[in-house]
Amino acid sequence: MKKLLVLGALAAMLASGTALADTSGKKIAFSNNYAGNSWRQAMLDSYGIVTKKAVDDKVVGAADVFTTADKEVPTQAAQVQNLILQGYDAIVINAASPDALNGAIKQACDAGITVVSFDGTVTEPCAYRVVVDFKDMGKQEVEQMAKFQPKGGNLLEIRGLAGTSIDDAIHAGILEGVAAHPEFKIVGSVTGDWDQTTAQKAVATILPSLPDVVGIVDQGGDGYGAAQAFAAAGKPRPTIIMGNRQDELKWWKEQKEKDGYKTWSASIAPGVSTLAFWVAQQVLDGRKDIPHDLLVPYLAFTQDDFEAALPNIKEGGVATHEYTQEDAIAAIKANIKQ
Amino acid sequence: MTAITPGTLPKSSPRGSAARARMLRGLLPALSLALVLIAIAWLNPRAISYFGFNLMLNLAIPIALATIAQMYVIAGNELDLSIGTFVGFVGCVTATWLRDAPLIGILVLIGSIGVYALLGALIHLRNLPSIVVTLGMSFVWQGLAILVLPKPGGKAPDWLLSIMSFKPPYIPFPILAALLIAAVVHFGLMRTSYGVILRGSGGNAAALRRAGWSLLRTKVVLFALTGLFGVLSGMALIGITTSADANIGNGYTLLSIAGVILGGGEFVGGRVSPIGAVLGALTLALAASPLLTFMHIPPDWQVAANGAILIIVLAARVLISRRER
């Protein structure tokens, strides 16, 4: 038995000689502050699938998930501190606050732990941030709109949860896009909170005061609600940019079958949690050249490929994508080049 | 804490058993804390160290201070449902004004204690239910916090950061702080004559009034003390997190009430225990987070398990107090 162990250790040492370092003994924890909506559920599902395989393949030693009972910052700060005590080598985190966790994150870094944040990122410089390029997504919405509505016209903007960095970034991108396409004009703006019901109410309220609208630029989770509001008011259906939600893509499919309705869909994939996981693994692997701010692409569907993705999305869910180690290495490479 | 040694009384008498139960109640907070610590030591021996206690307990300091704050109003038969958002408001002021313009920051914080004192007066003079008044105030504090700090951020003053990261030799800072808080409040409320009057305002208000004490003043003092400890709690919290968020203290309202009850306090009758309240806060802080993290519960069950631990800890307290009757 002992001999086997020694042999195993030798083999492990030899194997690690070829790679940079061996991560098969490393433990990665996932600190999550909320699990109560479809996006977060999809995020946890994707994370579970990818990390289970990584543990089975002995890429990492353990990948445990910890969700706090409330959305409170102090609870998550305490959780991070406990993960430090547990002896994890890396913490992947979806943080409750961009700033207020910095104290705990710094303690983790000081204890030699790699911290990779995504979605709800943290500002502490020692942590890594996996950020989706929301600004480009907003800009791309207008670019796509220009293809469907070459003559231009009036646009309605639906914004997300006020005060969040994501809402700011998408909005800035949309403004940039409109500046590059002067044929479009934003004639109204409502807050939809990324929620179909809220968006439907908000759009229904502003509709009577709007001139004719050719398109809606939004942030995802609000496109179907907007479509419902237009239908209820008996107004002509505009080009609504979608956000990868199942109900949105289903509605798009119905409209396409009816009269060849064209639009575009984009959102952050919940599976970005798995990308953060692989980035953490790469850091543990000994890579020193990884930038602390990693910009990763968003997940988009076009007229041609959205129907293929639709059956894979759960009822009421959102389209996701599980990233592989190769995806992570490619994303890191793309960021180093910039 | 006020228990008489049972040995001095005949064992068979009903008074003797009541005294035993009272002592048991006094010991219960310490016992439950010991139990949770043993469980943590068993699950993760590494946590029982200077470094470990520092990490596990430093977020318990603001909870202990908020619990003491809540204890003062409970001593006067009232409840404060705004303490959580008040701590958040103090946090936002601490991370912005107290750093950039210390004078304004100090004035705002003193002013907020004054608001608490006025609330006490209002509740007493108009005979309003404190639950309604403080529930309303919780939205006021939350709104003010968002006004002060619309987006998460800010930074704690450097002196506060260095206090909260102070590393004394041998004894971890959180334990030292907990001992200090418990000792100061215990002396003030349990060992001074005005402390007796304060508790008496919850225990037997009619007797106090007849003896010529101003109940308005006791209520104002109790609420002002709540404000004072709320301020301390918010500052301690920001000293640890280094940066603020308008929602940072929201969970403290219920935690502080649970801490007082777990520490041997009663909702009515002026029966509270400062030492018990501090121990109760430490127990809650440990049971909710470190214990849960170390147990390796599947993620789907973690949220429910957190609630279950709290119920078990509080149920033990209720079982023992029932034996008293």
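**Entry 1: chain B as a whole.** I note at the start that this is a predicted model. I counted secondary structure in chain B and got 16 helices and 0 strands. Next I checked the overall extent: the C-alpha trace of chain B spans about 65 × 55 × 40 Å along its principal axes.

**Entry 2: inside chain B.** I looked up burial and found that 49% of the 325 residues of chain B count as buried. Then I took the contacts in chain B between residues at least 6 apart in sequence; 77% of them join residues at least 24 apart.

**Entry 3: a strand in chain A.** I moved to β3(A), residues 90-94, where 5 of 5 residues are buried. Which way do its residues point? A:Ala90, A:Val92 and A:Asn94 go one way, A:Ile91 and A:Ile93 go the other, and all are buried. I jotted down the general rule beside this: side chains in a regular strand alternate between the two faces of the sheet.

**Entry 4: its partners.** β3(A) pairs with β1(A), residues 27-32, in the parallel sense over 5 bridges. In that pairing, A:Asn32 has A:Asn94 as its bridge partner. β3(A) also runs parallel to β4(A), residues 114-118, with 4 bridges joining them. There I found A:Ile93 bridged to A:Ser117.

Entry 5: I traced β3(A) through helix α4(A), residues 102-110, to β4(A), and together they make a right-handed β-α-β unit.

Methods
Residues numbered from 1 in each chain as written. Chains lettered and ligands numbered in written order. Predicted model: local features only at pLDDT ≥ 70, side-chain atom pairs only at ≥ 80, totals over all residues. Helix = DSSP H or I, 4+ residues; strand = E, 2+ residues; numbered from the N terminus. Buried ≥ 20, exposed ≤ 12 C-beta atoms within 10 Å, placed from the backbone. Contact = placed C-beta atoms within 7 Å. Pairing = 2+ DSSP bridges. Right-handed = clockwise from strand over helix to strand, strands pointing away.
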